[in-house]
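Work through the exercises below with the coordinates open beside the text.

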Amino acid sequence: MFRGIKFLPGETKVDFVGKRFIALFFSVLLLGSTGVLLLTKGLNYGIDFSGGIQMEVRSDKPVDLHDLRTRLNDIGVGEIGLQGIGETGREVMIRIPAFDNEVSQNAALKAVRDTLGPSFEDRRTEVVGPKVGEELIRDGILATILAMVAISGYIWLRFEWHFGVGGMLALIHDVVLTIGFYSITGLEFSLTSVAAVLTVAGYSINDTVVIYDRVRENLRKFKKMPVKDLLNLSVNETMSRTILTGGTTIISVLAIALFGGEVLRGFALAMILGVVVGTFSSVYIALPVLIYFKLRNTDAIAPLEAEAEPGAKQG
Amino acid sequence: MLYFQKWKLALVMLVLAAGVMFAAPNLVGRDITDKMPNWLQPLSLGLDLQGGSHLLLELNTAELMRDKLEGVVDVARSTMRTEKLRYTGLAVKDGAVVATILGDESERAQARKALRGAIPSADVEMDDQGLVKIVYGEKARKAMLEGALSTTLDIIRKRIDELGTREPSIQRQGDNRIVIQLPGVSDPKRAREVIGKTARMTFHLVDSDTSVEDALRGRIPPGSMLLEGMDARPDGQKQYYVVRKKVEVAGEHLVDAQPSFDQSAPVVSFRFDALGGRIFGKVTADNVGHNLAIVLDNKVVSAPNIRSAILQGNGVITGGFSTQGASDLALLLRSGALPTSITFLEERSVGPSLGADSIRAGTMSSLVGLALVVGFMVVAYGLFGIFANIALVMNMVLLVGGLSAIGATLTLPGIAGIVLTMGMAVDANVLIFERMREEYANGRSVLSSIEAGFSRAFATILDANVTTLAAAVLLYHFGSGPVRGFAVTLGLGIITSMFSAVMLTRLMVVVWMRAKRPTTLPV
């Protein structure tokens, strides 16, 4: 009978916790450079947040970009960005930066549409007024913060406050690095990006919870084991699962990156990075944090009930 | 372990059957689903997949309030006139109507009483010096806004229906916004023009004593105003008219308007109600030889000469229309005027070709994603991997069925949510199988390992999924449009995956164990 391949040879005994300072060094370095990057380069805000007009049009014949640019700039509605997209040379992306108010923005849209004329097909048009842009920014930030608080709160309820703090730190780490990924790649940061950030947060905490669960179980099982060894044991025991689930998630997201089209590519790339970062933070941030709290001798960890079944592993 | 409770078995079968039933309409053609009941319909495609327009508009609340207060000024003026009271400084100031009542104590009291009677929904306050302040309280303002919003919704609905859009969706959002979704309309230019017009029509007499040149220099008599013409002059210059401020007949008396032809030029013919017809008849009878300006949203459509009294209560509007222009104006007049002007805050439209491309991309990535995950699971877990894959496929059926049952809309990010669910859904099975391996390696029997795998992994699966679910719920709450579609598929996918990965896989393992009685753990 075919049993499947074990991706890891038997039991691993890697000293993850011992290497926490090296990992921490990398994390701080990454977080620091992300901070600098966000302050200097910033994010390439998509139309959802920056407001403005973005049109994707397709002509019935190859487009002379230079000519079109001249014609559009003659309208005088601000600096119009033009970019040929796709391979046919018939598709063009038109961007017009934000306006002070909705009325002049709508007038500009009408002028651009009139200038393009009937030989262009509207593939996609997005017009976001300054008011909506501001609201979307506010909602995006609010959603991210609330998600982090809610998730940490749940962990606090189900485990203990130490775990909640560890989970929160790992979350902040992952959210910041995922946003940093958008900054360094210059990928457009849009509403879909907020979805990517939140999904990364969900995935990362999912991963953290699995390891925490094992830590809690081992704390009950091995009452005498030093915390460091116990944490190492917990990571190693769950390592196979971590790699497998990370693997299936990455390959499914990879399918989106390769075949899901332009709109979802940024989302998928950020998710791939997020899965890697989320896995890293569960092992190197969420877990080592627990060393610095007194995990034992607390009321919340009840003694292991009826765990000494025959055959079960003992100390 | 070898025992799978009867009620559980029944539950699993019931859920699966329901999933298959609700998912099934997605596989058959539209001609068949059109005959099926409302609750059994395929997933509706979002605008980003089928093509269409999304418009967000806002009522201009400030303008609404200003108009209301100016109305109060008119009411106050006529009230004071009928009561024969003297006053000074009647005007709109800082969101209130103010005036100073002259005269003695009893005249002030009389004024207050009369004003309260005339404007019952507002608060009328008066100080010792006779300074009157008329304001609308919070409640009255809310009621006004509410009324304006529902009127606007009705009128926009009428206008869109007349445009002949298939299955439009028009919904209010918050206190003063309306979301309009027009499937299949990829260039909403015409829709915007028709929806966006306030269409307030009034008839004014042209002031023939004041020349346009004088008016342009700023010499306008107090009872007149300078208005722009809707069409430019043949030489391209703007055309202006000087008209009397007094509204002779208002558009609310119109009962019908239709496009027609007058000497082969497109015109709009209209009909007044009984009262409007009488007023119109009197105005035209009294002013034969004068010009009557037809004003739409503060622009003069045309100002024809009154040749004779029009007593039948109907007439035509000429104005150099195109055929389309005449039928649009007739539509606007039929649907009535919006209570206040509106502003488009957001427009998102997707053409049919891009929508089709997105569907192709979504289908392709789903199939590739499924194939990769299925392959990976077989390689990793062999026979049990196949069980997990059956559960995964059933999970997809449940997810699609669930989305169809709740009437969700499938968007491109929604498809991404489905693909991502495939990758993350197997996590539950991974947790269970890894646990079995561990327990078996620690010397448990096959049966006991399998038992422990399921029972011990469950708490972990629950915790891990609740946290992801929290992220999905918040994303739904704060997200909009396509992102909401993602949140719905991700959230529902988590729930269905817990069912299929835990219950369904367990059922398959139990059946297999009974049949084979294995001596070694096959993972």
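For the helix referred to in the first exercise, a helix is a DSSP run of H or I with at least four residues, numbered from the N terminus. The model is a predicted one.

**Exercise 1. Describe helix α4 of chain B, what covers its buried residues, and the backbone just after it.**

Solution. Begin with the extent of the helix: α4(B) runs over residues 61–83, which gives 23 residues, and its first and last C-alpha atoms lie 33 Å apart, close to the 33 Å expected at 1.5 Å a residue. Next, apply the burial criterion, under which a residue is buried if 20 or more other C-beta atoms lie within 10 Å of its own; in α4(B) the buried residues are L64(B), K68(B), V72(B) and A76(B). Then look for the cover over these residues, which includes the strands β2 (52–59), β3 (87–93), β4 (96–101) and β6 (131–135) together with the helices α5 (105–118) and α6 (138–163), of chain B. Finally, step past the end of α4(B), where K84(B) adopts a positive phi of about 55°.

**Exercise 2. Is chain B more spread out or less spread out than a compact globule?**

Solution. Start from the inventory of chain B, which holds 14 helices and 19 strands. The radius of gyration of chain B is 35 Å, whereas the globule rule gives 24 Å for 523 residues, and because the former is well over the latter, the chain is more spread out than a compact globule. The spans of its C-alpha trace along the principal axes are about 110 × 65 × 40 Å. As for burial, 43% of the 523 residues in chain B are buried.

**Exercise 3. Trace the six-stranded open sheet of chain B and identify its edge strands.**

Solution. Read the strand order as β11-β10-β16-β15-β9-β12, with mixed pairing. The edges are β11 (240–244) and β12 (249–250) of chain B, each of which pairs on one side only. Within the sheet, take β9 (residues 201–205) and β15 (residues 292–296) of chain B, which pair in the antiparallel sense over five bridges, and note that H204(B) stands opposite A293(B) in β15(B).

Definitions and conventions:
Residues numbered from 1 in each chain as written. Chains lettered and ligands numbered in written order. Predicted model: local features only at pLDDT ≥ 70, side-chain atom pairs only at ≥ 80, totals over all residues. Helix = DSSP H or I, 4+ residues; strand = E, 2+ residues; numbered from the N terminus. Rg over C-alpha atoms; globule rule 2.2 N^0.38 Å. Buried ≥ 20, exposed ≤ 12 C-beta atoms within 10 Å, placed from the backbone. Pairing = 2+ DSSP bridges. Expected span 1.5 Å × (residues − 1). Contact = placed C-beta atoms within 7 Å.
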